[in-house]
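Q: Please walk me through this one. I have a handful of quick questions.

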Amino acid sequence: MEYQIREAKREDMPQVLELIMELAKHENAPDQVEISVEDLETEGFDNGNFKCFVADVDGKIVGMALVYFRFSTWKGRTVHLEDLIVTESMRGTGLGGALYNQVVTYGYEHGVKRVEWVVSEGNKNAIEFYENTGADIKKNWFTVHMNESVIKKNIQK
């Protein structure tokens with residue numbers, strides 16, 4: 001199988017959203033995806049809020065990794081990997097590892113002090129893969145979210 005890992009283009013965003021929806025369905029949460037192709041285009045290409053890499057097989061996007069810079073008060077600039085998704089039919093082909101390597105390379109090329117991401121405790125294959133690459137899984141840290149309605153509630157106090 002021939003594939004290319006490359007930086008996403010604006011015209012790739014419909015297929016990127018399809019991958020996001022596939023992941024949401026896999027996580028039994030398809031109704032929680034609120035973004036649109038237009039959001040991806042605006043935020044990624046007009047506003048520069050993220051960088052996206054895609055796995056392209058014969059012109060079809062079968063995987064993606066979306067990253068953005070963050071700042072750590074302890075380490076300085078870091079890269080956050082928001083999602084790395086490979087379509088189900090292409091899992092186990094090495095595309096996920098190739099996208100992962102692209103993200104790590106991107107971080108290295110930009111001189112970041114850390115590449116970071118969140119992984120579900122139920123995703124045993126990913127955890128094993130990450131540990132085998134030397135990544136440190138922080139088991140005593142929790143991801144915290146505050147949704148839009150709770151944000152509004154807090155500022156109205």
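Q: Ile-155 to begin with: buried or exposed?
A: Ile-155 is exposed, with a relative accessible area of 67%. Here buried means under 20% relative accessible area, exposed means over 50%, and partly exposed is in between, with a 1.4 Å probe and protein chains only. This is a predicted model, so local features need pLDDT of at least 70 and side-chain atom pairs count only at pLDDT 80 or more, while totals for chains, interfaces and linings use all residues. Residues are numbered from 1 along each chain as its sequence is written, and side-chain values use heavy atoms, leaving out hydrogens and water.

Q: Over to the strands. How many bridges join strand 2 to strand 3?
A: Seven bridges join strand 2 (residues 51-57) to strand 3 (residues 60-72), and the two run antiparallel. Two strands pair if DSSP finds at least two bridges between them. Their hairpin has two residues between the strands, and Asp-58 takes a positive phi near 55 degrees there.

Q: And what does strand 3 do with strand 4?
A: Strand 3 and strand 4 (residues 76-86) pair in the antiparallel sense over ten bridges. They form a hairpin as well, with three residues between them.

Q: What stands opposite Ala-65?
A: Phe-53 stands opposite Ala-65 in strand 3, and Ala-65 also stands opposite Leu-84 in strand 4.

Q: What else is Arg-77 in contact with?
A: Beyond its neighbours within four places in sequence, the contacts of Arg-77 include Phe-69, Phe-71, Val-112 and Arg-114. Contact means heavy atoms within 4.5 Å.

Q: Now the charged pairs. How many salt bridges does the structure hold?
A: The structure holds nine salt bridges. Each is a side-chain nitrogen of Lys or Arg within 4 Å of a carboxyl oxygen of Asp or Glu.

Q: What is Arg-6 up to?
A: Arg-6 lies in strand 1, residues 4-7, and is buried, with a relative accessible area of 13%. Its side chain meets that of Asp-12 in a salt bridge of 2.7 Å, N to O, and Asp-12 is buried too, at 5%. A polar contact of 3.1 Å joins the side chains of Arg-6 and Asp-56.

Q: Which distant parts does the Lys-51 pair link?
A: Lys-51 forms a salt bridge with Glu-7, the closest N and O atoms being 3.1 Å apart. That pair links Lys-51 in strand 2 with Glu-7 in strand 1, 44 residues apart. Lys-51 is partly exposed at 24%, and Glu-7 is partly exposed at 44%.

Q: What about Arg-91 and Glu-22?
A: Their side chains meet in a salt bridge at 3.9 Å, N to O. Arg-91 lies in the loop between strand 4 and helix 3 (95-109) and Glu-22 in helix 1 (residues 13-26), so the pair ties together parts 69 residues apart in sequence. As for networks, salt bridges that share partners join Arg-6, Asp-12 and Asp-56 into one.

Q: Last one: Thr-87, buried or exposed?
A: Thr-87 counts as buried at 15% relative accessibility. Thr-87 lies in the loop between strand 4 and helix 3 and, neighbours within four places in sequence aside, is in contact with Leu-19, Glu-22 and Val-62.

Technical notes: Helices (H or I, at least four residues) and strands (E, at least two) are DSSP runs, numbered from the N terminus. A polar contact is a pair of N or O atoms within 3.5 Å; within protein, one must be able to donate a hydrogen and the other to accept it, and residues adjacent in sequence count only if both atoms are side-chain atoms.
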